[in-house]
Amino acid sequence: MPTESNEAEQDVNTVADQFAETLAIAGVKRIYGIVGDSLNGLTDAVRRQGKIEWIHVRHEEVAAFAAGAEAHLTGELAVCAGSCGPGNLHLINGLFDCQRSRVPVLAIAAHIPSAEIGSDYFQETHPEILFKECSHYCELVSSALQMPRTLEIAIREAVGKSGVSVVVIPGDVALQKALDAPLPKPTSLLPNHPVSSPTDVDIERLAAMLNGGNRLTILCGSGCAGAHDELLALGERLKAPMVHAMRGKEHVEWDNPYDVGMTGLIGFSSGYYAMLDCDVLLMLGTNFPYRQFYPNGRGVRIAQVDIRPENLGRRTAIDLAVIADVKATVQALLPRLHQKRDDTHLTDSQRHYAKARRELDDLAKGNPAKDVIHPQQIAKAISDRAAPDAIFTCDVGLPTVWAARYLAMNGKRRLIGSFWHGSMANAMAQAIGAQSAFPDRQVVSLSGDGGFTMLMGDFISLAQLGLPVKVVVFNNGALGFIELEQKSTGFLDFGTGLKNPNFAAMAEAIGIRGIRLTNPADVDDGIAEALAYDGPVLVDAVVARTELVMPPSVTTEMAKGFSLYMLKAVMNGRTDEIIDLAKTNLWR
């Protein structure tokens with residue numbers, strides 16, 4: 001029988017111990033997940049080590065979204081874990097979001113006993129195959145001899161490529177005696193990203209194109225992060241309006257007189273027309289996906305700058321491709337650009353933006369004489385009263401629309417969502433990661449009632465973990481954006497209705513402060529109370545179901561689709577819906 005000292009010596013020399021120590025060296029501060037038998041060796045090593053916090057969530061999908069939010073906000077490696085079979089399989093949707101959002105995340109996928117692999121064993125899957133599509137690196141650890149190098153490679157791939165790595169490890173392998181090998185150095189695990197500078201030839205060609213243009217517009221994406229000062233100098237030099245994609249919002253729009261809003265279905269008309277009415281379009285760090293919003297076939301010359309060559313020319317035909325970092329490119333470009341004197345295109349775009357902004361703000365004004373709250377009022381109240389360094393998360397669909405149009409950025413605030421993968425139920429899950437990483441900052445989740453209820457089990461995690469997240473549920477009793485899509489393409493809405501509870505009462509039963517808003521007169525005070533509360537809060541904002549967020553004038557096809565919907569509604573005796581639309585006063 002081994003002595004206590006021998007047991008201790010054995011405990012700190014397992015593969016799991018080595019794994020946990022390597023994660024600590026890589027700067028990992030927490031692991032999001034759910035424990036299970038195949039994970040026991042690793043979770044016990046983490047417990048005994050005491051350097052890494054285990055964040056116990058209720059669903060592994062939430063673990064992956066939370067890790068992705070932490071990685072997005074910190075730029076550092078974040079980790080999630082799932083036990084064998086169904087446990088790690090639940091990670092996959094969140095990991096797809098992390099991979100497509102290009103944030104450094106390591107997923108630990110525990111596996112069935114190694115001797116049983118290939119025997120159709122209980123809970124057997126093949127995670128090394130399943131996770132291939134949503135990762136840069138995905139490998140099965142078969143023995144103690146293999147683990148150290150596999151984990152180190154996985155960390156470097158996730159950090160170096162800003163994406164997902166997956167390490168699959170059977171529970172019995174985690175309990176094997178560790179290989180006698182030196183632990184890695186932080187500088188070897190966490191290499192700095194290189195700055196990719198443009199060539200002189202590219203800069204000369206780009207300068208010539210921009211100097212030769214009369215009406216220039218700049219389209220900015222998330223690749224513009226950290227280049228705010230350079231963008232302002234570029235806008236001034238070119239007298240060019242700037243349009244931003246959703247992922248560029250937090251980096252571009254603040255304190256920027258050249259910003260004229262978003263483009264796309266959820267954007268501003270001013271952004272759309274600024275791109276339509278130019279003769280040169282400069283795309284900076286954006287992979288904006290919707291081809292119908294590019295000025296194709298209009299004699300517009302297009303240059304694209306992106307650090308990732310696979311993005312170049314992917315969405316629209318371009319005349320010049322530059323593989324380089326946006327900030328480095330603009331810095332090299334500015335000395336070679338002529339100062340534009342004609343600001344007609346810029347002032348026209350600014351005037352159009354001011355009008356669009358004014359009309360949107362008018363929609364956010366509450367009318368106490370009416371008994372309906374418009375979601376725009378909720379979003380505007382949140383933006384006006386949130387902390388200067390607040391972190392916002394938003395669900396896909398209508399909450400993303402309200403975030404895009406009403407949340408004001410200032411260089412300190414952050415905004416994250418499932419902007420590329422487009423998954424439901426991301427906002428509250430990402431808020432868990434954001435609040436865990438930044439316990440002293442205000443975190444606000446703009447949740448749809450559909451997204452919130454999809455992963456509602458982890459609402460309890462806010463109470464269990466003591467996370468003071470403010471969850472604002474836009475309770476319109478429907479999958480609102482999907483309903484609008486159906487209507488705008490001529491379909492009668494089907495399968496979109498939601499029978500919701502009183503979410504505020506539910507929150508109180510869980511032990512979380514609940515505030516229910518049903519009258520426009522109560523919105524400002526209710527939001528202020530929620531944001532000031534010392535602890536988690538749920539705001540159940542009962543808002544109008546019918547909001548025409550994509551005006552028919554955006555595209556001819558949408559107008560045709562909506563007209564067809566109205567015709568079908570009349571033929572089916574659903575005139576009440578037409579009356580509801582009229583009451584929203586959104587047809588102006």
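How many aromatic pairs does a search of the whole structure find?

Author: First, the ground rules. This is a predicted model: local features need pLDDT of at least 70, side-chain atom pairs count only at pLDDT 80 or more, and totals for chains, interfaces and linings use all residues. Residues are numbered from 1 along each chain as its sequence is written, and side-chain values use heavy atoms, with hydrogens and water left out.

Now the rings. The search of the whole structure finds 7 aromatic pairs. Rings of Phe, Tyr and Trp (its six-membered ring) pair if their centres lie within 6.5 Å; planes under 30 degrees apart are stacked, over 60 edge-to-face, and the rest tilted. Take Phe452 and Phe503. Their ring centres are 5.5 Å apart and their planes stand at 90 degrees, so this pair is edge-to-face. Phe452 sits in helix H20 (residues 449–454) and Phe503 in helix H23 (residues 503–510), so the pair ties together parts 51 residues apart in sequence. Helices (H or I, at least four residues) and strands (E, at least two) are DSSP runs, numbered from the N terminus. Both Phe452 and Phe503 are buried. Buried means under 20% relative accessible area, exposed over 50%, and partly exposed in between (1.4 Å probe, protein chains only).

Two other ring features deserve a look. Tyr272, Tyr273 and Phe293 make up one aromatic cluster. Arg441 lies over the face of Phe438, 5.2 Å from the ring centre. For that call, NZ of Lys or CZ of Arg must be within 6 Å of the ring centre and within 35 degrees of the ring normal.

Phe452 leads on to the core. The largest nonpolar core has 50 residues, and Phe452 is among those with the most contacts inside it, along with Cys80, Leu95, Val105, Val166 and Phe459. Helix H4 (residues 60–74) gives the most to this core, with 9 residues. A second, separate core of 45 residues includes Ile378, Ala379, Ala387 and Leu531. A nonpolar core is a set of buried Ala, Val, Leu, Ile, Met, Phe, Trp, Tyr and Cys residues joined through side-chain atoms within 4.5 Å. In soluble globular proteins, nonpolar side chains tend to be buried together.

Follow Val105 next. Val105 points one way from strand E4, together with Ala107, Ala109 and His111. Leu106, Ile108 and Ala110 point the other way, and all of these are buried. In a regular strand, side chains alternate between the two faces of the sheet. For E4 (residues 105–111), 7 of the 7 residues are buried, so the strand is largely enclosed by the rest of the structure.

E4 has partners. Strand E3 (residues 78–82) runs parallel to E4, joined by 5 bridges. In that pairing, Ala81 stands opposite Ile108. Strand E6 (residues 164–170) also runs parallel to E4, through 7 bridges. There, Val105 stands opposite Val164. Two strands pair if DSSP finds at least two bridges between them.

Val166 is another of the core residues with the most contacts. Leaving aside neighbours within four places in sequence, Val166 is in contact with Leu95, Ala107, Ala109, Phe131, Ser135, Tyr137, Cys138 and Glu139. Contact means heavy atoms within 4.5 Å.

Now the loops. Gln123 is in the loop between E4 and helix H7 (127–130). Gln123 has a positive phi of about 65 degrees, although it is not a glycine. Ser162 lies in the loop between helix H8 (147–161) and E6. The phi of Ser162 is also positive, near 50 degrees. Most residues other than glycine have a negative phi. With a relative accessible area of 30%, Gln123 is partly exposed. Ser162, at 15% relative accessibility, counts as buried.

One last stop: helix H17 (residues 375–385). H17 is mostly covered, with 8 of its 11 residues buried. Those include Ile378 and Ala379, which also belong to the second core.
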